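Welcome! Let us take a short tour of this protein, moving from its charged pairs to its surface and then to its pocket.

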Amino acid sequence: MNVTLRKIGNSLGVIIPKEMLDRLGMKEGDVLDLESDEKTLHLKNLDEDFQRQMQAADVFMERYKIALKKLAE
């Protein structure tokens, strides 16, 4: 399937057709992981449970920043 790069602000983006999003089970607001090798881009939907756990970890680390810093010494 061919798509065209489009200017979005100072960046470029592509429009992913609805049929492909439906087939992959992706929806607006999903977080995607973007990787590249040589001249190939790889996009994959991140695991929602993992994302939720990472957000909880971020909140925890922010809340206990000073204690974690002292423990790291």
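Three salt bridges are counted here, and the model you are looking at is a predicted one. The table below lists the pairs with their distances.

| Salt bridge | Distance, N to O |
|---|---|
| Asp22 and Lys18 | 2.8 Å |
| Asp30 and Lys27 | 3.1 Å |
| Lys65 and Glu62 | 3.1 Å |

Start with Asp22 and Lys18, whose side chains meet at 2.8 Å. How far apart are Asp22 and Lys18 in helix 1? They are four residues apart, so about one helical turn separates them. Lys18 is exposed, and its relative accessible area is 55%.

Next, have a look at Asp30 and Lys27, which form a salt bridge of 3.1 Å from N to O. Here the lysine, Lys27, is exposed as well, with a relative accessible area of 51%. Exposed means over 50%, so Lys27 falls in that class.

The remaining pair joins Lys65 to Glu62, again through their side chains.

Now turn from charge to the nonpolar side of the surface. Met1, Val3, Leu5, Leu12 and Val14 together make a nonpolar patch of about 540 Å². One of its members, Leu12, sits in strand 2, which covers residues 11-13. Leu12 is exposed, with 58% relative accessible area.

Finally, find the largest pocket, which has a volume of about 590 Å³. Its lining is made of 21 residues, and those closest to its centre are Val3, Val14, Ile16, Leu32 and Leu43. Which elements give two or more residues to this lining? They are strand 2, helix 1 (18-24), strand 3 (32-37) and strand 4 (40-45). Sorted by class, the lining holds 15 nonpolar residues, three polar ones and three charged ones.

Some names come up in more than one place.

How values were computed
Residues are numbered from 1 along each chain as its sequence is written. This is a predicted model: local features need pLDDT of at least 70, side-chain atom pairs count only at pLDDT 80 or more; totals for chains, interfaces and linings use all residues. Side-chain values use heavy atoms; hydrogens and water are left out. Patches are made of residues with over 30% relative accessible area and no salt bridge: like charges are joined within 9 Å, nonpolar side chains (Val, Leu, Ile, Met, Phe, Trp, Tyr) within 5 Å. Accessible areas come from the Shrake-Rupley method with a 1.4 Å probe; for residues, only the protein chains shown count as cover. A salt bridge is a side-chain nitrogen of Lys or Arg within 4 Å of a carboxyl oxygen of Asp or Glu. Buried means under 20% relative accessible area, exposed over 50%, partly exposed in between (1.4 Å probe, protein chains only). On a 1 Å grid over the protein atoms alone, a cavity is a set of points where a 1.4 Å probe fits but cannot get out, and a pocket is an open set with protein on both sides within 12 Å along at least five of seven lines; lining residues have an atom within 4 Å of a point. Grid points are joined across faces, edges and corners, and a volume is the space filled by probe spheres set on the points. Ala, Val, Leu, Ile, Met, Phe, Trp, Tyr, Cys and Pro count as nonpolar, Asp, Glu, Lys and Arg as charged, and the others, Gly among them, as polar.
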